[in-house]
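Here's a walk through a structure that may be new to you. Have a look at the sequence and the 3D view, and then we'll go through it part by part.

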Amino acid sequence: MRYWGKNIEIDGSFYQTEMGKKLLPTAAEKAQWKAMGSYFQYEGNVEFYEVTVQNMMREIAGNKVGQILIRAINQSAQKLRIIPLTSKEQAFQKKIPCANPVGGYNPKGNACVIWYEPWSRIPNLIFGGNSPYQVLVHELQHAVRQMRGKWYNTGAVGGFPNSEELFSVLIENMYLSAAGQPERMVGAYDQGIPLGNRSDKDFLKQYFNEISVWCDQMKDLTVQLELIHSIWNPIRVRRSVLDLIITL
């Protein structure tokens with residue numbers, strides 16, 4: 001097990017559990033992955049998983065938006081574990097990377113587990129598409145909300161199955177903009193729908209009410225995010241709008 005700050009545990013030991021072993025690739029499948037150059041060849045390697053995710057957390061923490069997320073998690077009263085999601089779970093059980101509260105939703109806050117694998121998206125770092133980093137940032141935003149006992153679900157919201165997914169894409173896009181990767185930014189929950197030429201002002205106009213809920217519930221993070229200049233930042237735009245209203 002590895003740690004990233006006070007509250008974040010990166011734990012690959014699921015690979016060694018009875019259930020985990022059943023979900024791992026066979027020797028023949030591993031050989032095939034290796035021949036293909038796929039990172040799925042490392043499934044089952046606890047050390048490699050933990051080091052990979054730890055290095056990713058290090059890079060995310062070097063991003064202004066990612067740093068704010070990670071700091072919020074480490075200042076929480078709850079704990080976050082990041083554990084493996086296997087290729088067979090994704091292929092046959094249709095699981096996707098996700099953040100789940102431990103023991104069900106609690107308005108006082110929950111410990112949280114992120115089921116995550118980076119392997120399928122590592123090639124995207126070269127060939128385009130959503131990166132393993134933005135997927136992890138997306139789930140970290142969910143984790144912050146769950147650790148604080150927040151859940152705001154209005155049902156479907158213009159391209160998103162619920163407001164919580166909108167919130168994660170909002171933060172994911174801000175992270176990508178700060179990372180200098182606007183081509184990876186998305187305009188809906190479906191990762192295949194690019195943001196295109198939609199400005200932060202356009203995004204705020206469409207989702208003003210939902211973004212305002214996030215800002216009101218996450219005031220300490222909002223104040224920090226409002227200060228980030230020169231990136232796609234609907235939260236900063238919102239601050240400008242509110243300041244203008246106040247001065248009228």
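## The largest pocket

The largest pocket has a volume of about 360 Å³. A pocket here is worked out on a 1 Å grid over the protein atoms alone: it's an open set of points where a 1.4 Å probe fits, with protein on both sides within 12 Å along at least five of seven lines, while a cavity is a set of points where the probe fits but cannot get out. Grid points are joined across faces, edges and corners, and the volume is the space filled by probe spheres set on the points. This is a predicted model, so local features need pLDDT of at least 70 and side-chain atom pairs count only at pLDDT 80 or more, while totals for chains, interfaces and linings use all residues. Residues are numbered from 1 along each chain as its sequence is written, and side-chain values use heavy atoms, with hydrogens and water left out.

Now for the strands: 5 of them form an open sheet in the order E1-E2-E3-E5-E4, with mixed pairing. Strand E1 (2-3) and strand E4 (98-101) stand at the edges with a single partner strand each, so one side of each has no neighbour in the sheet. Helix H3 (residues 46-61) packs on the sheet, where it touches E1, strand E2 (8-10), E3 and E5, and its direction makes about 145° with that of E2. Contact means heavy atoms within 4.5 Å, and the angle, on a scale from 0 to 180 degrees, is taken between N-to-C directions of axes fitted to C-alpha atoms, for helices over the stretch in contact.

Two strands pair if DSSP finds at least two bridges between them. Strand E3 (residues 80-84) and strand E5 (residues 112-116) pair in the parallel sense over 5 bridges, and Arg-81 has Val-113 in E5 as its bridge partner. E4 and E5, on the other hand, pair in the antiparallel sense over 4 bridges, with Ala-99 opposite Ile-114 in E5. E5 is mostly covered, since 4 of its 5 residues are buried (buried is under 20% relative accessible area, exposed is over 50% and partly exposed is in between, with a 1.4 Å probe and protein chains only).

## Helices, covered and uncovered

Helix H2 (residues 27-36) is hardly covered: the number of buried residues among its 10 is 0. Gly-37 follows H2 and has a positive phi, near 75°.

Setting aside neighbours within four places in sequence, Gln-146 is in contact with Ala-99, Asn-100, Pro-101, Gly-109, Asn-110 and Cys-112. Gly-20, in helix H1 (residues 18-23), is buried too, at 0% relative accessibility. With the neighbours within four places left out again, Gly-20 is in contact with Phe-14 and Tyr-15.

## Exposed spots and positive phi

Most residues other than glycine have a negative phi. Lys-94, in the loop between helix H5 (87-92) and E4, has a positive phi near 60°, and its 64% relative accessibility makes it exposed. Ser-230 also has a positive phi, near 60°; this residue sits in the loop between helix H11 (219-226) and helix H12 (234-247) and is exposed at 80%.

Lys-201, in helix H9 (residues 200-206), is exposed, with a relative accessible area of 55%. Lys-201 and Asn-233 are 32 residues apart in sequence and 8.4 Å apart in space, C-alpha to C-alpha.

Note on methods:
Helix = DSSP H or I, 4+ residues; strand = E, 2+ residues; numbered from the N terminus. 1 Å grid on protein atoms, 1.4 Å probe; cavity = no way out; pocket = protein on both sides within 12 Å on 5 of 7 lines; lining within 4 Å.
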